[in-house]
Amino acid sequence: MKLWLLLLAVMSPVSAQAGAVMKGTNPWPNATVPYQLTADILKTAGTTSKDCTGWAKWKASAAQKACRAMDDWHRRTGVRFVAREGLGSVQIKLNASATTATVGYMPIGNQVNIEPNANYGSILHEFGHILGLMHEHQRTDRGTYLTFEPFLQDYLKTCGLGLTPVCLDVRNAFPSRETRLSSDYDPCSLMHYLAKQQPRHKEDPRWSRIYTLTAKGRAAETACLPQFAKLEKRCRKIGQKCAISERDAWTVRRFHGLA
Ligand SMILES: [Zn+2]
């Protein structure tokens, strides 16, 4: 009996995987995401194709980056993306002012909005949301790894139902959320924000740094960064928007029954 327990312990992966899927989020049935590229975004690639077929040969464009992001997630997780029209399909379209996405599978209303000049990393991040991932810094255990600056803590306490742009943003992107799948915190996650958030509210310099890592946060960052050793410097830090981390990929696989 004891030998069996020992074998099981050796064979099971240590729980060193991050999980950041919010309660209430649904996985995609059959680990398959139907998608539809709208005519306006296809136009950016100068293609006559109606879906991602042949994307690697398209000109650099919002449409090409979207297709590359889906290919990247597919290769890392096994979740498939298939071109299909219909209510449940992810509508991938241009948006003049924001790059955003819905989270996980919803029977209707899944979408990715992409600004014409959005960079690849932010589009890859949005498809992480489509696959169910929440922001890593919104996990309930974040306080062990980082400390929000006092001004942001104040906003979190006082914004209530406030309708100012700052309060709307704070309520959307910073409250902690219960997870339905979680284990170790991942500072290397593609879904974690940078400490520097100046572009959110240019008028207020305090947004140039919104958190500081605790000793545990720094240790976790040091431990996870080697996976990005071959990437350029801007990618080798917490809040990187370059690549899917090992734990991001694991979480999506696990959420979809592929791990
Ligand atoms: Zn996001």
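**Packing of helices H3 and H4**

In the predicted model, Lys-65, Ala-66, Arg-68, Ala-69, Met-70, Asp-72 and Trp-73 of H3 meet Tyr-120, Ile-123, Leu-124 and Phe-127 of H4, where contact requires C-beta atoms, placed from the backbone, to lie within 7 Å, and helices are DSSP runs (H or I, at least four residues) numbered from the N terminus, strands being E runs of at least two. By class, this contact comprises eight nonpolar, no polar and three charged residues, with Ala, Val, Leu, Ile, Met, Phe, Trp, Tyr, Cys and Pro counted as nonpolar, Asp, Glu, Lys and Arg as charged, and the others, Gly among them, as polar. The two helices pack at an angle of about 55°, with their axes 9 Å apart; axes are lines fitted to C-alpha atoms over the stretch in contact, and angles run from 0 to 180 degrees between N-to-C directions.

Within H4 (residues 120-130), Ile-123, Leu-124, His-125, Glu-126, Phe-127, Gly-128 and Ile-130 are buried, that is, 20 or more other C-beta atoms lie within 10 Å of their own. The buried residues of H4 pack against several elements, including helix H3 (62-77), strand S2 (32-37), strand S4 (90-94) and helix H8 (246-255). Just after H4, Gly-132 adopts a positive phi of about 110°.

The chain as a whole contains eight helices and nine strands, and buried residues account for 33% of its 259 residues.

Residues are numbered from 1 along each chain as its sequence is written. Because the model is predicted, local features need pLDDT of at least 70 and side-chain atom pairs count only at pLDDT 80 or more, whereas totals for chains, interfaces and linings use all residues.

How values were computed. A residue is buried if 20 or more other C-beta atoms lie within 10 Å of its own, exposed if 12 or fewer, and partly exposed in between; C-beta atoms are placed from the backbone. Two residues are in contact if their C-beta atoms, placed from the backbone, lie within 7 Å.
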